[in-house]
Amino acid sequence: MQFASRLDNVETSAIRELFKLLGKPGIISFAGGFPDSAMFDVEGLKEASAKALAEEPGGALQYGATEGYEPLRTQLSAFMKTKGVDVEPGGLIVTTGSQQALDLIGKTLVSPGDKVIVEGPTFLATIQCFRLYGAQLISAPVDADGVKTDELEALIAEHKPKFVYLIPTFGNPSGAMLSLARRRKVLEMAVKHGTVIVEDDPYGDLYFDKAPPPSLMSLTKEVPGSRELVVHCGSLSKVLSPGLRIGWMIGDAELLAKATMCKQFSDAHTSTFAQATAAQYLKSGRMPATLAHVRKVYAERAEAMGAALRKELGDAISFAQPGGGLFFWARLTGANGKVADANELARRAIEKLVAFVPGAPFYAEKPDAATLRLSFATANVEKIQEGIARLGAAL
Ligand code: PMP
(Lines give C-alpha, C1' and ligand atoms only; values in the text may rest on other atoms or scores of the structure.)
Protein backbone atom coordinates (compact mmCIF):
# COMPACT_ATOMS: atom_id res chain seq x y z
CA MET A 1 0.00 0.00 0.00
CA GLN A 2 1.14 3.55 -0.68
CA PHE A 3 1.05 5.41 2.62
CA ALA A 4 0.84 9.15 3.18
CA SER A 5 4.18 10.92 3.17
CA ARG A 6 3.53 12.30 6.66
CA LEU A 7 4.24 8.81 7.98
CA ASP A 8 7.83 9.14 6.76
CA ASN A 9 8.50 11.39 9.75
CA VAL A 10 7.60 8.82 12.42
CA GLU A 11 8.46 5.28 13.31
CA THR A 12 6.96 2.87 15.84
CA SER A 13 8.87 3.39 19.02
CA ALA A 14 11.82 1.27 20.01
CA ILE A 15 10.07 0.86 23.34
CA ARG A 16 7.25 -1.08 21.72
CA GLU A 17 9.68 -3.93 21.01
CA LEU A 18 10.58 -4.06 24.67
CA PHE A 19 6.93 -4.13 25.71
CA LYS A 20 6.46 -7.36 23.75
CA LEU A 21 8.76 -9.06 26.29
CA LEU A 22 6.77 -7.90 29.29
CA GLY A 23 4.40 -10.87 29.11
CA LYS A 24 7.19 -13.18 30.35
CA PRO A 25 5.99 -15.07 33.42
CA GLY A 26 7.32 -13.71 36.71
CA ILE A 27 8.57 -10.43 35.28
CA ILE A 28 8.50 -7.33 37.51
CA SER A 29 7.86 -4.36 35.28
CA PHE A 30 8.87 -0.78 35.97
CA ALA A 31 8.43 -0.06 32.27
CA GLY A 32 4.84 1.12 31.78
CA GLY A 33 3.37 4.54 32.37
CA PHE A 34 0.18 3.06 33.79
CA PRO A 35 -1.40 3.96 37.09
CA ASP A 36 -2.11 0.97 39.38
CA SER A 37 -5.45 -0.69 38.52
CA ALA A 38 -5.80 -1.75 42.16
CA MET A 39 -6.22 1.92 43.04
CA PHE A 40 -9.18 2.65 40.81
CA ASP A 41 -12.18 3.79 42.84
CA VAL A 42 -14.41 1.07 41.40
CA GLU A 43 -17.24 1.65 43.89
CA GLY A 44 -17.30 5.37 43.20
CA LEU A 45 -17.27 4.82 39.45
CA LYS A 46 -20.01 2.19 39.68
CA GLU A 47 -22.20 4.66 41.51
CA ALA A 48 -21.32 7.46 39.11
CA SER A 49 -22.07 5.42 35.98
CA ALA A 50 -25.36 4.10 37.45
CA LYS A 51 -26.38 7.66 38.28
CA ALA A 52 -25.40 8.85 34.82
CA LEU A 53 -27.68 6.23 33.26
CA ALA A 54 -30.53 6.74 35.73
CA GLU A 55 -30.56 10.53 35.77
CA GLU A 56 -29.58 11.44 32.24
CA PRO A 57 -29.80 8.47 29.87
CA GLY A 58 -30.40 10.82 26.93
CA GLY A 59 -27.20 12.72 27.65
CA ALA A 60 -25.11 9.69 28.56
CA LEU A 61 -26.01 7.51 25.58
CA GLN A 62 -26.88 9.95 22.79
CA TYR A 63 -24.54 11.80 20.44
CA GLY A 64 -23.29 14.94 22.13
CA ALA A 65 -21.64 18.31 21.53
CA THR A 66 -18.09 18.18 20.18
CA GLU A 67 -16.92 20.71 22.81
CA GLY A 68 -17.98 18.36 25.59
CA TYR A 69 -20.90 17.36 27.76
CA GLU A 70 -22.06 20.51 29.55
CA PRO A 71 -22.33 19.03 33.10
CA LEU A 72 -18.75 17.72 32.78
CA ARG A 73 -17.46 21.07 31.53
CA THR A 74 -19.11 22.64 34.58
CA GLN A 75 -17.47 20.11 36.92
CA LEU A 76 -14.07 20.50 35.26
CA SER A 77 -14.34 24.27 35.56
CA ALA A 78 -14.95 23.83 39.32
CA PHE A 79 -12.09 21.29 39.57
CA MET A 80 -9.70 23.73 37.88
CA LYS A 81 -10.85 26.46 40.27
CA THR A 82 -9.63 24.32 43.20
CA LYS A 83 -6.25 24.43 41.46
CA GLY A 84 -6.19 28.19 41.08
CA VAL A 85 -7.30 28.36 37.44
CA ASP A 86 -10.30 30.57 36.67
CA VAL A 87 -11.98 29.13 33.64
CA GLU A 88 -15.65 29.18 32.69
CA PRO A 89 -17.17 25.89 31.48
CA GLY A 90 -17.17 27.39 27.98
CA GLY A 91 -13.46 28.14 28.27
CA LEU A 92 -12.46 24.50 28.07
CA ILE A 93 -13.18 21.62 25.70
CA VAL A 94 -13.33 17.97 26.67
CA THR A 95 -10.94 15.70 24.77
CA THR A 96 -10.54 11.93 24.46
CA GLY A 97 -7.65 11.78 26.91
CA SER A 98 -5.13 14.61 27.00
CA GLN A 99 -3.44 12.69 24.18
CA GLN A 100 -6.18 13.96 21.89
CA ALA A 101 -5.59 17.51 23.09
CA LEU A 102 -1.95 17.13 22.02
CA ASP A 103 -3.06 15.76 18.67
CA LEU A 104 -5.47 18.67 18.18
CA ILE A 105 -2.70 21.12 19.05
CA GLY A 106 -0.49 19.47 16.43
CA LYS A 107 -3.31 19.48 13.89
CA THR A 108 -4.31 23.11 14.42
CA LEU A 109 -0.90 24.72 14.89
CA VAL A 110 1.77 22.73 13.05
CA SER A 111 2.45 23.07 9.33
CA PRO A 112 5.18 20.87 7.83
CA GLY A 113 8.59 22.33 8.70
CA ASP A 114 7.35 24.40 11.65
CA LYS A 115 9.67 24.42 14.61
CA VAL A 116 8.45 23.30 18.02
CA ILE A 117 10.57 23.35 21.18
CA VAL A 118 10.18 20.44 23.59
CA GLU A 119 12.07 19.40 26.70
CA GLY A 120 14.97 16.97 26.36
CA PRO A 121 13.74 14.43 27.44
CA THR A 122 9.99 14.64 26.84
CA PHE A 123 6.88 12.46 26.49
CA LEU A 124 7.48 10.03 23.65
CA ALA A 125 3.95 10.11 22.24
CA THR A 126 4.18 13.89 21.93
CA ILE A 127 7.37 13.60 19.89
CA GLN A 128 5.63 11.15 17.55
CA CYS A 129 2.41 13.16 17.42
CA PHE A 130 4.00 16.52 16.54
CA ARG A 131 6.33 14.85 14.02
CA LEU A 132 3.32 13.32 12.28
CA TYR A 133 2.26 16.87 11.45
CA GLY A 134 5.74 17.64 10.13
CA ALA A 135 7.12 19.54 13.12
CA GLN A 136 10.85 20.02 13.40
CA LEU A 137 11.50 19.41 17.07
CA ILE A 138 14.16 21.27 19.00
CA SER A 139 15.20 20.07 22.46
CA ALA A 140 15.67 22.41 25.40
CA PRO A 141 17.79 21.03 28.26
CA VAL A 142 16.23 20.08 31.58
CA ASP A 143 17.69 19.82 35.09
CA ALA A 144 16.13 18.95 38.46
CA ASP A 145 14.22 22.29 38.38
CA GLY A 146 12.70 21.57 34.97
CA VAL A 147 13.54 23.25 31.70
CA LYS A 148 16.57 25.58 31.87
CA THR A 149 14.99 28.92 31.13
CA ASP A 150 18.09 30.78 29.91
CA GLU A 151 18.73 28.09 27.31
CA LEU A 152 15.03 28.01 26.45
CA GLU A 153 14.95 31.74 25.83
CA ALA A 154 18.02 31.54 23.59
CA LEU A 155 16.35 28.75 21.58
CA ILE A 156 13.12 30.76 21.29
CA ALA A 157 15.05 33.79 20.05
CA GLU A 158 17.01 31.68 17.55
CA HIS A 159 14.26 29.43 16.18
CA LYS A 160 11.04 31.44 16.65
CA PRO A 161 9.07 28.25 17.30
CA LYS A 162 5.36 27.82 16.63
CA PHE A 163 5.07 26.88 20.29
CA VAL A 164 6.94 25.41 23.26
CA TYR A 165 5.66 22.16 24.77
CA LEU A 166 6.38 21.66 28.48
CA ILE A 167 5.40 19.19 31.20
CA PRO A 168 6.22 21.53 34.10
CA THR A 169 5.04 19.28 36.94
CA PHE A 170 6.58 15.82 37.47
CA GLY A 171 7.55 15.46 33.84
CA ASN A 172 7.30 12.24 31.91
CA PRO A 173 9.94 10.87 31.83
CA SER A 174 12.09 13.36 33.80
CA GLY A 175 10.03 13.46 37.03
CA ALA A 176 11.35 17.04 37.28
CA MET A 177 9.35 19.95 38.63
CA LEU A 178 9.73 23.40 37.15
CA SER A 179 10.51 25.82 39.97
CA LEU A 180 8.22 28.77 40.70
CA ALA A 181 10.88 31.26 39.60
CA ARG A 182 11.31 29.45 36.29
CA ARG A 183 7.53 29.26 35.79
CA ARG A 184 7.35 33.04 36.05
CA LYS A 185 10.30 33.35 33.71
CA VAL A 186 8.62 31.09 31.13
CA LEU A 187 5.50 33.27 31.14
CA GLU A 188 7.53 36.48 30.91
CA MET A 189 9.48 35.16 27.92
CA ALA A 190 6.25 33.97 26.31
CA VAL A 191 4.95 37.54 26.44
CA LYS A 192 8.29 39.08 25.41
CA HIS A 193 8.63 36.85 22.34
CA GLY A 194 4.90 36.29 21.65
CA THR A 195 5.44 32.53 22.02
CA VAL A 196 2.65 30.05 22.67
CA ILE A 197 3.34 27.71 25.61
CA VAL A 198 1.60 24.34 25.79
CA GLU A 199 1.42 23.12 29.39
CA ASP A 200 0.75 19.39 29.64
CA ASP A 201 -0.29 18.61 33.21
CA PRO A 202 -1.50 15.03 33.76
CA TYR A 203 0.59 14.57 36.94
CA GLY A 204 0.10 17.82 38.89
CA ASP A 205 -2.33 16.21 41.35
CA LEU A 206 0.01 13.32 42.10
CA TYR A 207 2.27 15.08 44.59
CA PHE A 208 3.60 13.44 47.73
CA ASP A 209 4.56 15.81 50.56
CA LYS A 210 3.83 19.24 49.31
CA ALA A 211 1.77 20.69 46.51
CA PRO A 212 3.72 21.84 43.45
CA PRO A 213 3.88 25.54 42.55
CA PRO A 214 0.80 26.85 40.70
CA SER A 215 0.45 25.73 37.09
CA LEU A 216 1.55 28.07 34.33
CA MET A 217 -2.13 28.60 33.50
CA SER A 218 -2.81 29.62 37.10
CA LEU A 219 0.20 31.98 37.12
CA THR A 220 -1.00 33.78 33.99
CA LYS A 221 -3.03 35.94 36.45
CA GLU A 222 0.26 37.45 37.62
CA VAL A 223 1.83 38.06 34.20
CA PRO A 224 -0.15 40.52 32.04
CA GLY A 225 -0.61 39.39 28.46
CA SER A 226 0.25 35.74 29.14
CA ARG A 227 -3.24 34.18 29.44
CA GLU A 228 -3.93 34.00 25.72
CA LEU A 229 -0.51 32.48 25.05
CA VAL A 230 -0.89 29.46 27.35
CA VAL A 231 -2.69 26.25 26.39
CA HIS A 232 -3.28 23.90 29.32
CA CYS A 233 -3.99 20.17 28.94
CA GLY A 234 -5.48 18.22 31.83
CA SER A 235 -6.47 14.58 32.32
CA LEU A 236 -8.30 12.27 34.69
CA SER A 237 -6.17 9.33 33.52
CA LYS A 238 -3.55 9.21 36.22
CA VAL A 239 -5.77 10.07 39.16
CA LEU A 240 -9.04 8.35 38.32
CA SER A 241 -8.91 6.03 35.27
CA PRO A 242 -7.13 6.17 31.93
CA GLY A 243 -9.76 3.87 30.41
CA LEU A 244 -12.37 6.62 30.80
CA ARG A 245 -10.35 8.67 28.29
CA ILE A 246 -11.28 12.04 29.79
CA GLY A 247 -8.96 14.93 29.15
CA TRP A 248 -9.46 18.63 28.57
CA MET A 249 -7.88 21.64 27.01
CA ILE A 250 -8.01 25.26 28.16
CA GLY A 251 -6.84 28.05 25.93
CA ASP A 252 -7.51 30.96 23.66
CA ALA A 253 -11.10 30.96 22.29
CA GLU A 254 -9.99 30.94 18.65
CA LEU A 255 -7.69 27.95 19.20
CA LEU A 256 -10.46 26.05 21.01
CA ALA A 257 -12.86 26.77 18.13
CA LYS A 258 -10.37 25.42 15.55
CA ALA A 259 -9.57 22.40 17.73
CA THR A 260 -13.29 21.69 18.13
CA MET A 261 -13.72 21.82 14.36
CA CYS A 262 -10.88 19.30 13.90
CA LYS A 263 -12.21 17.08 16.70
CA GLN A 264 -15.57 16.98 14.94
CA PHE A 265 -13.95 15.35 11.91
CA SER A 266 -11.99 12.98 14.10
CA ASP A 267 -14.27 11.44 16.76
CA ALA A 268 -17.32 13.76 16.75
CA HIS A 269 -17.14 13.90 20.54
CA THR A 270 -15.64 12.10 23.51
CA SER A 271 -17.80 9.20 24.74
CA THR A 272 -20.87 10.79 26.34
CA PHE A 273 -21.18 7.81 28.70
CA ALA A 274 -17.62 8.36 29.94
CA GLN A 275 -18.24 12.11 30.22
CA ALA A 276 -21.49 11.70 32.15
CA THR A 277 -19.80 9.17 34.46
CA ALA A 278 -16.86 11.53 35.06
CA ALA A 279 -19.27 14.42 35.70
CA GLN A 280 -21.19 12.38 38.28
CA TYR A 281 -17.95 11.26 39.87
CA LEU A 282 -16.63 14.80 40.25
CA LYS A 283 -20.03 15.91 41.56
CA SER A 284 -20.09 13.08 44.13
CA GLY A 285 -17.30 14.74 46.12
CA ARG A 286 -15.16 11.57 46.22
CA MET A 287 -12.24 13.08 44.34
CA PRO A 288 -10.36 14.61 47.32
CA ALA A 289 -10.30 11.24 49.15
CA THR A 290 -9.25 9.43 45.96
CA LEU A 291 -6.42 11.90 45.44
CA ALA A 292 -5.28 11.57 49.06
CA HIS A 293 -5.21 7.79 48.69
CA VAL A 294 -3.23 7.64 45.44
CA ARG A 295 -0.77 10.24 46.70
CA LYS A 296 -0.11 8.20 49.85
CA VAL A 297 0.38 4.89 48.03
CA TYR A 298 2.61 6.33 45.30
CA ALA A 299 4.64 8.26 47.89
CA GLU A 300 5.41 5.00 49.73
CA ARG A 301 6.39 3.29 46.50
CA ALA A 302 8.62 6.18 45.40
CA GLU A 303 10.32 6.16 48.79
CA ALA A 304 10.89 2.40 48.52
CA MET A 305 12.27 2.67 45.01
CA GLY A 306 14.70 5.45 45.93
CA ALA A 307 15.98 3.48 48.93
CA ALA A 308 16.30 0.27 46.90
CA LEU A 309 18.16 2.02 44.08
CA ARG A 310 20.65 3.50 46.56
CA LYS A 311 21.12 0.12 48.27
CA GLU A 312 21.32 -2.11 45.20
CA LEU A 313 22.93 0.11 42.57
CA GLY A 314 24.89 2.56 44.73
CA ASP A 315 27.12 4.93 42.80
CA ALA A 316 26.48 3.10 39.52
CA ILE A 317 23.31 5.17 39.13
CA SER A 318 22.41 8.81 39.75
CA PHE A 319 18.90 10.17 40.14
CA ALA A 320 16.82 12.80 41.89
CA GLN A 321 14.10 11.57 44.25
CA PRO A 322 10.80 12.67 42.61
CA GLY A 323 8.30 14.66 44.66
CA GLY A 324 5.33 13.25 42.75
CA GLY A 325 4.23 11.71 39.48
CA LEU A 326 4.92 8.11 38.51
CA PHE A 327 8.58 8.03 37.48
CA PHE A 328 12.23 7.93 38.45
CA TRP A 329 14.53 9.30 35.80
CA ALA A 330 18.03 7.97 36.28
CA ARG A 331 21.45 7.89 34.66
CA LEU A 332 23.96 5.06 34.66
CA THR A 333 27.30 6.48 35.76
CA GLY A 334 29.51 3.58 34.64
CA ALA A 335 31.22 3.68 38.07
CA ASN A 336 33.59 0.76 38.76
CA GLY A 337 33.35 -0.41 35.18
CA LYS A 338 29.61 -1.17 35.48
CA VAL A 339 27.45 -1.04 32.35
CA ALA A 340 26.59 2.54 31.33
CA ASP A 341 24.38 1.78 28.33
CA ALA A 342 20.71 1.58 29.31
CA ASN A 343 19.81 -0.58 26.28
CA GLU A 344 22.39 -3.13 27.26
CA LEU A 345 21.16 -3.06 30.84
CA ALA A 346 17.54 -3.45 29.66
CA ARG A 347 18.53 -6.60 27.75
CA ARG A 348 20.29 -8.07 30.78
CA ALA A 349 17.45 -7.00 33.07
CA ILE A 350 14.84 -8.86 31.02
CA GLU A 351 16.95 -12.02 31.51
CA LYS A 352 16.74 -11.38 35.27
CA LEU A 353 12.97 -10.82 34.93
CA VAL A 354 12.84 -7.10 35.56
CA ALA A 355 11.96 -4.41 33.01
CA PHE A 356 12.40 -0.66 32.63
CA VAL A 357 12.51 1.72 29.70
CA PRO A 358 15.81 3.03 28.27
CA GLY A 359 15.78 6.83 28.12
CA ALA A 360 17.18 7.53 24.64
CA PRO A 361 13.85 7.44 22.73
CA PHE A 362 12.51 10.24 24.96
CA TYR A 363 14.90 12.72 23.35
CA ALA A 364 13.82 14.52 20.20
CA GLU A 365 17.49 15.42 19.68
CA LYS A 366 20.82 14.28 21.11
CA PRO A 367 19.74 11.12 23.00
CA ASP A 368 21.60 10.20 26.17
CA ALA A 369 22.13 6.42 26.06
CA ALA A 370 22.94 6.24 29.78
CA THR A 371 19.47 7.36 30.90
CA LEU A 372 16.50 5.26 31.91
CA ARG A 373 12.98 5.59 33.25
CA LEU A 374 11.57 3.49 36.06
CA SER A 375 7.91 3.61 37.03
CA PHE A 376 7.09 2.91 40.66
CA ALA A 377 3.33 2.97 40.12
CA THR A 378 2.22 -0.59 39.54
CA ALA A 379 4.45 -2.73 41.81
CA ASN A 380 3.94 -2.82 45.58
CA VAL A 381 6.82 -2.06 47.97
CA GLU A 382 7.89 -5.72 48.21
CA LYS A 383 7.94 -6.12 44.43
CA ILE A 384 9.85 -2.87 44.07
CA GLN A 385 12.55 -4.10 46.43
CA GLU A 386 12.75 -7.45 44.66
CA GLY A 387 12.75 -5.85 41.20
CA ILE A 388 15.48 -3.35 42.03
CA ALA A 389 17.57 -6.15 43.58
CA ARG A 390 17.25 -8.00 40.25
CA LEU A 391 18.29 -4.82 38.46
CA GLY A 392 21.34 -4.62 40.69
CA ALA A 393 22.19 -8.20 39.76
CA ALA A 394 21.73 -7.41 36.06
CA LEU A 395 24.10 -4.46 36.40
N1 PMP B 1 0.90 13.71 28.54
C2 PMP B 1 1.79 13.04 29.28
C3 PMP B 1 3.00 13.76 29.74
C4 PMP B 1 1.59 11.70 29.60
O5 PMP B 1 2.51 11.06 30.32
C6 PMP B 1 0.41 11.06 29.15
C7 PMP B 1 0.11 9.61 29.46
N8 PMP B 1 1.16 8.77 29.60
C9 PMP B 1 -0.49 11.80 28.38
C10 PMP B 1 -0.23 13.12 28.11
C11 PMP B 1 -1.74 11.21 27.81
O12 PMP B 1 -2.63 10.79 28.78
P13 PMP B 1 -4.17 10.59 28.52
O14 PMP B 1 -4.41 10.65 27.06
O15 PMP B 1 -4.48 9.26 29.10
O16 PMP B 1 -4.86 11.72 29.23
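Keep in mind as you look that the model is predicted.

Let us begin with the open spaces. The largest pocket holds about 1,100 Å³ of space. Its lining is made up of 41 residues, and those nearest its centre are Gly33, Phe34, Phe123, Ala125 and Lys238. What kinds of residue line the largest pocket? Sorted by class, 21 are nonpolar, 14 are polar and 6 are charged. Both domains take part here: domain 1 (5-41 + 289-394) and domain 2 (42-286) each provide at least three residues of the lining of the largest pocket. Notice that domain 1 is written as two stretches of the chain, 5-41 and 289-394.

Now turn to the second largest pocket, which has about 750 Å³ of space. There are 37 residues lining this pocket, and Ala144, Ser174, Gly175, Ala176 and Ala320 are the closest to its centre. Strand S4 (136-143), helix H12 (287-313), strand S10 (317-319) and strand S11 (327-332) supply at least two lining residues each. Which element gives the most to this lining? That is S4, with 5 residues. By class, the lining of the second largest pocket has 21 nonpolar, 8 polar and 8 charged residues. Once again, domain 1 and domain 2 each contribute at least three residues to the lining.

Next, find the ligand. It is surrounded by 13 residues, and the closest are Ser98, Asp200, Tyr203, Ser235 and Ser237. You can trace some of the contacts atom by atom. Ser98 uses its backbone: one of its backbone N or O atoms is 2.7 Å from an oxygen atom of the ligand. With Asp200, an N or O atom of the side chain lies 2.5 Å from a nitrogen atom of the ligand. Tyr203 places a polar side-chain atom 2.6 Å from an oxygen atom of the ligand. How much of the ligand does the protein cover? On its own the ligand has 400 Å² of accessible area, and the protein covers 92% of it.

Finally, let us follow the backbone itself. Most peptide bonds are trans, and most residues other than glycine have a negative phi. The peptide bond from Gly120 to Pro121 is cis, with omega near 10°, and Pro121 sits in the loop between strand S3 (115-120) and H6. A cis bond also joins Asn172 to Pro173, with omega near 15°. You will find Pro173 in the loop that runs between strand S6 (163-166) and helix H8 (180-193). Lys160 belongs to the loop between helix H7 (149-159) and S6.

Definitions and conventions
Residues numbered from 1 in each chain as written. Predicted model: local features only at pLDDT ≥ 70, side-chain atom pairs only at ≥ 80, totals over all residues. Heavy atoms only, no water. 1 Å grid on protein atoms, 1.4 Å probe; cavity = no way out; pocket = protein on both sides within 12 Å on 5 of 7 lines; lining within 4 Å. Points joined across faces, edges and corners; volume = space filled by probe spheres on them. Nonpolar A, V, L, I, M, F, W, Y, C, P; charged D, E, K, R; others polar. Domains from an automatic or database assignment. Helix = DSSP H or I, 4+ residues; strand = E, 2+ residues; numbered from the N terminus. Near = heavy atom within 4 Å. Polar contact = N/O pair within 3.5 Å; in protein donor to acceptor, adjacent residues only side chain to side chain. Areas by Shrake-Rupley, 256 points an atom, 1.4 Å probe, with all protein chains shown as cover.
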